[in-house]
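Trainee: I have a model open and would like to learn how to read it. Could you take me through it feature by feature?

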Amino acid sequence: MLDRMHILICGGPDCKDKSIPIRDAFKANIKKHHLENEVSAVITGCFGLCALGPHILIYPGEILYSGVSEENIQEIFEEHVMKNNPVERLLYRGKFDRMKLKNRSELTFFAQQERIVLRNCGTINPLDINEYIGRDGYMALAKVLTEMTPEEVISEVKKSGLRGRGGGGFPTGLKWEFAKKSISDEKYVVCNADEGDPGAFMDRAVLEGDPHTVLEAMAICGYAIGSHTGYIYIRAEYPVAVERLEIAIGQAKKLGLLGKNIFESGFDFDIEIRLGAGAFVCGEETALMASIEGERGMPRKKPPFPAVKGLFGKPTNVNNVETFANIPPIFLKGADWFKSIGTEKSSGTKVFALGGKIANTGLLEVPMGTTLREVIFDIGGGIPNNKKFKAVQTGGPSGGCITEEMLDTPIDFDNLIALGSMMGSGGMIVMDEDTCMVDVARFYLEFTVDESCGKCTPCREGTKRMLDILNRICQGRGNLDDLNILERLARIIKNSSLCGLGQTAPNPVLSTLKYFKDEYIAHVTDKVCPAGVCSKLTKYVILDNCIGCTKCAKNCPVGAITGNVKEKHKINSKLCTKCGVCKSICPVEAISTKPEKWRAIYAKAN
Amino acid sequence: MTLNELNALRKKARDHIYMVGLKRAARIQIGYGTCGIAAGAKPVYNAFIKKIEEYNIPNVTVVKVGCMGECAFEPIVEIVESDGTKTIYCSVNERMSSEIFEEHVLKGQRLDKYLLSKTKR
Ligand SMILES: Cc1cc2nc3c(=O)[nH]c(=O)nc-3n(C[C@H](O)[C@H](O)[C@H](O)COP(=O)(O)O)c2cc1C
Ligand code: SF4
Ligand code: SF4
Ligand code: SF4
Ligand code: FES
């Protein structure tokens, strides 16, 4: 549905300070006039007219205001939005054709996104180095090698405030500095492209769409820390990305952008690819290095940290793909520019892979500080089929779920941790009223049980025990005490595991227990599954809105449904095998698996 | 390579990407990441190549590009024209490719029914 009116407010570096009060002023007016469904006000990327900012662009009509302030909003709202009389006095005078946005999908999906990491994805041909060069590719490396000392490079990265996008959010500049300070004849730069979170594919998209950006960044890192060899550790399940990386490395070498004496600076740098077998734990940096060395991919004790003693016992700097993809723009546009995007403690953008019960699944890049609500409802298009939003899981199997009440939290590293989840690598799974939270916890735990390397007993055995309990609960054989045991096991596993996998494995259970305890209790005491998912605890029933079309009765494989044409049908639950056929074919959604009490709760919420 | 050589290469490549100095040129960008390939970008790519050969028209290129993020609507084809107009078509198949080529690329008629914005709700 097209909004009657769509207000875009520039949130670029120069307009940024003023854009939030402007947006809030619009939102307040929208609320006052109850126009939430007709008018939207969102902050977008730079309009490219920074000197005259802040700008507001109003659709339909593509009407641009410039140099507005908070005080003008009331007038613009009352005249333009309410009466469709643009306020002439405040309009931008000049030619404006940069942003030829034609329709709403481009507006919401692209306009609100700030593309740094994905700047070239979907625009250039990743198989042709010239296209990357045409978009300023390797200019950052040239600048670094011909104009800057390694110390200056590190201080620029530190100044940008860039933090690792692989999950932990460690300051990248600081990490580089540690590696630089370690003295050794040999050092390594490693790019972590293992990407093991279920539902995540941000790194794959970067490597497939813009492989050279990672190569360029690794060379810059090599120069900064004093390394001449880089490794990209990538899972073999990404054959397209591997092939494009190989082609990219070949082309860069041919042009002398990798190899000996790059830009006649005397600096040499080469990159090799190492394939991983796709174990989740191999994404952990010490396990990853063990795997490159040809050992079994098991985490090692830290300290010593990789910056001191890493790959082959030499100082090593490990960064994530997305972290690296931020590096060339930082040198092209400056650390101050980068720092101006995002929030105080988390600068820049973050790429998310949005999936689950969401209208627009896909990849998106937003400035840090964007709220979860904006990501899910404005950009992601909300929940399909008029279902009710229940929670969003960030951080994959290491993270936790975030509920409706917390959706207005600005996304950054620290806020998500405060909510009991984490940024993780950027998978974002949206869940609606049809998702059972106990089942979700069980899904993630099943994953970690499979992926635990087995080195530590609490992680190996404890997660298995937790999974047993969750299985029992889902089958209706749980009791209240199980919830306490889950919490105790979780605490022990978190405290006594060697690596991040074990330390975070209980998080999905803990956070669902915290925010959805009523669902757990429904499972263990009422023996029902509120979402109607756990089959042992559900019963198929036909509701009053049945129109008696007989479709379900005709298709039930065991003949469990009876009823006359145009009359409400009935399911004999003694015969029903819970195959789900009837529910999926009913034209009016008259068949439900949710228990009555919970149906009422969801109905009210809608 | 020296900095000057890189700069020269950059200028050339930039002119090529943005079709500088060309009239009525177009660049057909096809989302060719894993998601696009899985959704059927390959026959779409081949269809455009075939059309270009068939009509033998200059200044129209087909380019494989990475994921644009709208994975649910792949295969995605974006037509970038030398005047800067960009049009995004989604869920494109072989038959639609021919139609898009003949109507949009050859005659300049945008096919509104296939636009991303029309499909997406
Ligand atoms: C179990 C586990 C899995 C991980 N998987 C990944 C991964 O797939 N990709 C990644 O970049 N980092 C992963 N990490 C984080 C890495 O250990 C490391 O912190 C990261 O690569 C550092 O890069 P950054 O500072 O650029 O974020 C994982 C950590 C753990 C504990
Ligand atoms: S915490 Fe788990 S995955 Fe990590 S080292 Fe211990 S057993 Fe292996
Ligand atoms: S769930 Fe399957 S067995 Fe049960 S009533 Fe429906 S169609 Fe019949
Ligand atoms: S398919 Fe739905 S509407 Fe038709 S008879 Fe069965 S329950 Fe009623
Ligand atoms: S910062 Fe507002 S136009 Fe660039």
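Trainee: Let's start where the chains meet. Which side chain of chain B meets Glu131(A) in a salt bridge?

Mentor: First, some ground rules. This is a predicted model, so local features need pLDDT of at least 70 and side-chain atom pairs count only at pLDDT 80 or more, while totals for chains, interfaces and linings use all residues. Residues are numbered from 1 along each chain as its sequence is written, chains are lettered from A and ligands numbered from 1 in the order in which they are written, and side-chain values use heavy atoms, with hydrogens and water left out. A salt bridge is a side-chain nitrogen of Lys or Arg within 4 Å of a carboxyl oxygen of Asp or Glu. Here the partner of Glu131(A) is Arg27(B), at 2.7 Å from N to O.

Trainee: How many salt bridges are there between chain A and chain B?

Mentor: Three. Then there are polar contacts, meaning pairs of N or O atoms within 3.5 Å; within protein, one must be able to donate a hydrogen and the other to accept it, and residues adjacent in sequence count only if both atoms are side-chain atoms. Between chain A and chain B, 11 residue pairs are in polar contact, both residues at pLDDT 80 or more. Among the elements giving two or more residues to chain A's side are helix 4 (129–134), helix 8 (202–209) and strand 11 (362–367). Helices (H or I, at least four residues) and strands (E, at least two) are DSSP runs, numbered from the N terminus.

Trainee: And what is the area buried between chain A and chain B?

Mentor: The size of an interface is often given as the accessible area lost when the parts come together. With a 1.4 Å probe, summed over both parts, the figure is about 3,300 Å², and carbon and sulfur atoms give 57% of it. Chain A puts 42 residues into the contact and chain B 39, where contact means heavy atoms within 4.5 Å.

Trainee: Is helix 8 of chain A buried or exposed?

Mentor: Buried means under 20% relative accessible area, exposed over 50%, and partly exposed in between (1.4 Å probe, protein chains only). Eight of the eight residues of helix 8 of chain A are buried, so the rest of the structure largely encloses this helix. Met202(A), Arg204(A) and Glu208(A) are among them.

Trainee: Which residues come nearest to ligand 2?

Mentor: A residue is near a molecule if one of its heavy atoms lies within 4 Å of it. Of the 13 around ligand 2, the nearest are Cys453(A), Lys455(A), Cys456(A), Cys459(A) and Cys499(A). Ligand 4 has 14 residues around it, with Cys546(A), Cys549(A), Thr550(A), Cys552(A) and Cys586(A) coming nearest.

How values were computed:
Buried area is the accessible area (1.4 Å probe) that two parts lose on being put together, summed over both.
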